[in-house]
Amino acid sequence: MDMIRTVGKAFKIPEMRFKMIFTLLMLLVFRIGSNIPVPGINRETLSQVFTGDTGLFDLFDLFSGGSFSNFTIFALSITPYVTASIIVQLLTVAFPYFQNLAKEGNEGRKKMASITRYMTVGLAFIQAIGLTVGLFRSAIIDQSAFSIIVIILILSAGTAFLMWLGEQINEKGVGNGISIIIFAGIIARVPSGIRSIITSYSEGDISIVTLILFVIFAVAVIVGIIEIQQGTRRIPVQYAKRVVGRKMYGGQATHIPLKVNQAGVIPVIFALSLLQFPLTITYFLQSNSDFTAFVNKYLSVGGSPGVWIYSILNIILILFFTYFYTTITFNPVEVANNMKANGGFIPGIRPGKATVEYLTKVMNRICLVGGIFLAIVATLPTLLSGLTAIDVRFGGTSLLIVVGVALDTMKQIESQMMMRNYKGFLK
């Protein structure tokens with residue numbers, strides 16, 4: 001209810017109303033483009049391509065809101081941009097050039113954003129070639145070189161347009177443009193998912209008790225995600241007083257907010273990508289091959305022991321990537337050095353090495369809690385899908401992304417309204 005009241009108040013402000021309407025119009029453009037098919041495609045052949053489990057392609061279809069399986073102009077969605085952003089973040093750890101760019105402030109961020117854009121176009125072009133020449137080749141009516149080149153260019157241009165659309169939302173709309181596009185793609189699949197569950201219930205595949213338990217589970221997961229996403233560990237920091245000329249600086253008491261889920265949804269996506277990769281390979285092999293039979297039995301959610309092996313591996317990988325990605329995004333040494341340079345210290349902890357050890361210990365404990373929660377949210381829907389007729393294989397990932405983006409967008413709306421009030425007060 002508080003969220004609805006906040007949106008209502010924001011809509012009464014002309015500036016905020018323009019931003020919200022602009023964002024909705026951009027999402028409308030995204031959904032219209034998601035239903036425009038690539039020219040020269042046999043729809044009947046295309047429908048046969050996505051029969052049964054398609055491994056990693058299901059994850060791509062999730063982010064694209066169904067555009068991938070329908071092979072529309074936005075089939076690649078914004079996934080090349082997400083991949084490029086993650087690669088650039090990893091490069092800031094491995095290469096000094098990117099480390100220096102990250103420390104150059106606004107100019108450095110502009111250069112890194114430009115590199116991300118060029119990398120996005122390159123990755124989109126490579127993926128477009130792979131999809132056109134490989135996966136969707138049988139669905140292309142005209143197999144000439146000109147037709148294939150046109151399809152590749154259309155798919156690459158679709159990703160570039162979505163990247164531009166996301167930047168327009170960042171500048172003139174509300175929220176993070178790329179995240180909101182992914183959010184819109186996932187939300188677009190909710191009606192079909194509800195219809196599928198209702199159909200399963202009407203046909204007797206699931207009972208009323210299973211349906212009620214599923215609704216309770218979904219509500220509990222959403223509440224848990226909100227609590228974890230909002231949860232922070234506040235480490236107190238005290239700044240010593242120092243006199244510069246006739247002025248006294250410092251003496252304030254503040255805190256370092258460490259988020260419980262510091263890594264966000266990235267560990268879940270990484271784990272899913274690795275676990276779905278063997279199933280994706282079997283998609284290009286014969287159905288009676290030994291490798292296909294092994295993967296379907298031991299590494300697939302549809303296999304007899306496979307659902308349990310898949311779930312255990314999923315938990316292990318999520319915990320690993322939670323620690324890995326948190327190590328990249330949070331540097332205790334840098335935080336401790338910045339505190340020491342500004343005369344700050346944690347009460348009861350010596351500056352320097354002791355502070356680094358303390359921050360590392362606290363972060364490791366928080367990572368354990370956040371990683372276990374991510375593993376539970378991502379694994380329980382998989383088990384539920386494997387043991388019942390309810391198809392929620394990517395339910396945990398979807399909920400994490402949707403709730404996270406909704407919370408971030410609401411925070412931005414509240415902060416912009418607060419800044420506007422401060423501005424009016426100063427006038």
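Analyst: Happy to. A salt bridge here is a side-chain nitrogen of Lys or Arg within 4 Å of a carboxyl oxygen of Asp or Glu. Please keep in mind that this is a predicted model. With that criterion, a search of the whole structure finds two salt bridges.

Let us begin with Glu15 and Lys19, whose closest N and O atoms are 4.0 Å apart. Glu15 has a relative accessible area of 46%, so it is partly exposed. Lys19, in turn, counts as buried because its relative accessibility is 17%, and the cut-off for buried is under 20%.

The other salt bridge joins Arg117 to Glu167, and here the closest N and O atoms are 2.5 Å apart. This pair links distant parts of the chain, since Arg117 belongs to helix 8 (residues 106-135) and Glu167 to helix 9 (residues 145-172), 50 residues apart. Arg117 is partly exposed, at 33% relative accessibility. Glu167 also counts as partly exposed, with a value of 23%.

While we are in helix 9, Gln168 is worth a look, as this residue is found there too. Gln168 is buried, its relative accessible area being 12%. Leaving aside residues up to four places away in sequence, Gln168 touches Phe22 and Gly173.

Two packed helices are described by the angle between their axes and the distance between the axes.

Helix 6 (residues 79-94) packs against helix 15 (residues 306-329) at an angle of about 65 degrees, and their axes are 10 Å apart. That angle makes helix 6 roughly perpendicular to helix 15, because the class covers 65 to 115 degrees. The crossing of helix 6 past helix 15 is left-handed. On the helix 6 side, Gln89, Leu90 and Val93 make the contact, and on the helix 15 side the residues are Phe324, Tyr325 and Ile328. By class, this contact of helix 6 with helix 15 has five nonpolar residues, one polar and no charged.

Helix 6 has another packing partner in helix 7 (residues 96-103), at an angle of about 105 degrees and with the axes 6 Å apart. Helix 6 and helix 7 are therefore roughly perpendicular to each other. Leu91, Thr92, Val93 and Ala94 of helix 6 meet Pro96, Phe98 and Gln99 of helix 7. The residues in this contact of helix 6 with helix 7 divide into five nonpolar, two polar and no charged. Val93 of helix 6 takes part in the contact with helix 15 and in the contact with helix 7.

Phe71 lies in the loop between helix 5 (67-70) and helix 6. Phe71 is not a glycine, yet its phi is positive, about 50 degrees. With 0% relative accessibility, Phe71 counts as buried. Ser77 is placed in the loop between helix 5 and helix 6 as well, and this residue other than glycine has a positive phi near 55 degrees. Ser77 is buried, with a relative accessible area of 1%.

Notes: Residues are numbered from 1 along each chain as its sequence is written. This is a predicted model: local features need pLDDT of at least 70, side-chain atom pairs count only at pLDDT 80 or more; totals for chains, interfaces and linings use all residues. Side-chain values use heavy atoms; hydrogens and water are left out. Axes are lines fitted to C-alpha atoms, for helices over the stretch in contact, and angles run from 0 to 180 degrees between N-to-C directions. Helices (H or I, at least four residues) and strands (E, at least two) are DSSP runs, numbered from the N terminus. Angles under 35 degrees count as roughly parallel, over 145 as roughly antiparallel, 65 to 115 as roughly perpendicular and the rest as oblique. A crossing is left-handed if the near helix is turned anticlockwise from the far one by less than a right angle, and right-handed if clockwise. Contact means heavy atoms within 4.5 Å. Ala, Val, Leu, Ile, Met, Phe, Trp, Tyr, Cys and Pro count as nonpolar, Asp, Glu, Lys and Arg as charged, and the others, Gly among them, as polar. Buried means under 20% relative accessible area, exposed over 50%, partly exposed in between (1.4 Å probe, protein chains only).
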